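Dear colleague,

Please find the structure below for your records. My notes on its ligand site and on one of its pockets follow.

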Amino acid sequence: MAGLEQLLSLRDQLNAAIDQVASSPAAKALPALSDAGAPFPPLVAIDKNAALATAIAKKMTALLAGPAHVSEIALSGHFPACLRVAIEAHVSEAISEGETEPGAGLAVEEIAQASCVDPAKLARVLRLLAANYVFSEVRPGVFTNNRCSNGLSTGKSIHTLKENSQDVYAGTDGRAALLAHCTEDCLKASSFLADALLDPETSHSSKSKDAPITRAFKIDGTVFDYWAQPENKQYLTRFSHAMYAINQFMRGDESLTTGYPFRDMPRDAVLVDVGGGVGSVALHLLQHAPQLRFIVQDRPEVIGQQAPAVWKAKAAQALESGQVELQSHDFFRPQPVKEAAVYLLRFVIHDWADDEVVAILRPLAKGASSTSRLLLVEQSYRTLEPDPLVISPLPYLADLQMLVANNAQERTQEQYVALAERAGWKFVKAWVAAVGGTDSGWRHYEFEKL
Ligand SMILES: C[S@@+](CC[C@H](N)C(=O)[O-])C[C@H]1O[C@@H](n2cnc3c(N)ncnc32)[C@H](O)[C@@H]1O
């Protein structure tokens, strides 16, 4: 198809998708771009035609801009760098606190008082973001929040943020922590991607110690070992809050419970949340299926330093009664909880290369009974057809995130099934975590003991 024909076809597809969006009930509540207070989730997460429209618009940009599109991509590392400045200089919070009414805007000199940033430089950072619809510049040098900037805010006062600068994300929904993790840990790591991939010493390695992030932060070991060091506690804390935020994004909470009969499981059946972090999965499943018992396992610094505060704040009673247990456990070692009803691993396998995955799953198979189930929750991943319409770039972004941080990867269903079989598990079924008819991007894989 020639370019003009492609353009007209995309226009027709875009119009059709927008007409569908307009007729959906969810679209009636579509917030204006200027509406900084609008709640999550975004329309693309709950309306498949909204996701389709954004995909068509992106393809149209590539068609019309061609090489100029590539130049923009080449320069786009500045976007996450500027986002991190905005988060760590508390821009969104300073605007909310300082403007006379929502949308009135605040002069950059006043915004800059929330940190030590130079106002003239901050104005340029915010202008680049506003040129991409994150914040708005209502008058020269005067900025306000909008729908896209509200995820950057912790929701705290500037006074509180300055008083507790070691853990600014405590008690938040974790969205700002997740964005800060992406715009610091992952951005710095990805700037070493080519170095790691083109160095014959590391190019073919699948060891975590050879991941690009180890060059960025001069790490000897895995990123998890690095965060375990006392001087890096704030990075571990930020990552813990970031993983909690996953539940908020793209209706992750519903994506978790769709498709498995947690509510039909017997009273006191045990679910082990392996590599569970602070227990974001267990916290949500506790609400969904309160008859279950939960054991959250992770590294000692996560279980000892991070998880208790989260549970005391969100479900203290479950911890006190013993319904939920926080357990330090290295998942490469024999599994101490035998014959659990479910061993669940969310976003754990994608952190590891194939041989390590087998080494993590094998002790679970050894500890399992014939009725135990292994549940893997991971990002969906597939190869592309020629001339694709990519509805969501997230699987490919997440895949690169795993490459730069862990020398690991997202996988297809066939790859998960093959690895689990090597470890002693037989495939039962897989399902898409569809929320409101929209593919959340999550896949669930269920296995039983071979
Ligand atoms: C990507 S996070 C996922 C956390 C959690 N499953 C969730 O979805 O929120 C991976 C987790 O694996 C944990 N982990 C890494 N190495 C581990 C090990 N050897 N034993 C147990 N947990 C480990 C990390 O500390 C981290 O909490």
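How much space lies in the second largest pocket? The second largest pocket holds about 340 Å³, a volume being the space filled by probe spheres set on grid points joined across faces, edges and corners. A pocket here is an open set of points on a 1 Å grid over the protein atoms alone, where a 1.4 Å probe fits, with protein on both sides within 12 Å along at least five of seven lines; lining residues have an atom within 4 Å of a point.

This is a predicted model, in which local features need pLDDT of at least 70 and side-chain atom pairs pLDDT 80 or more, while totals for chains, interfaces and linings use all residues. Residues are numbered from 1 along each chain as its sequence is written, and side-chain values use heavy atoms, without hydrogens and water.

Eighteen residues line the second largest pocket, and Glu-88, Ser-165, Val-168, Tyr-169 and Gln-234 lie nearest its centre. Helix 15 (233–245) is one of the contributors, and gives the most, five residues; helices are DSSP runs of H or I, at least four residues long, numbered from the N terminus. Because domain 2 (76–163) and domain 3 (175–245) both give residues to the lining, the pocket lies between them; the domain bounds come from an automatic or database assignment.

As for the ligand, Gly-275, Asp-298, Asp-330, Phe-331 and Arg-346 come nearest among the 18 residues around it, that is, those with a heavy atom within 4 Å.

Yours sincerely

Conventions: Helix = DSSP H or I, 4+ residues; strand = E, 2+ residues; numbered from the N terminus.
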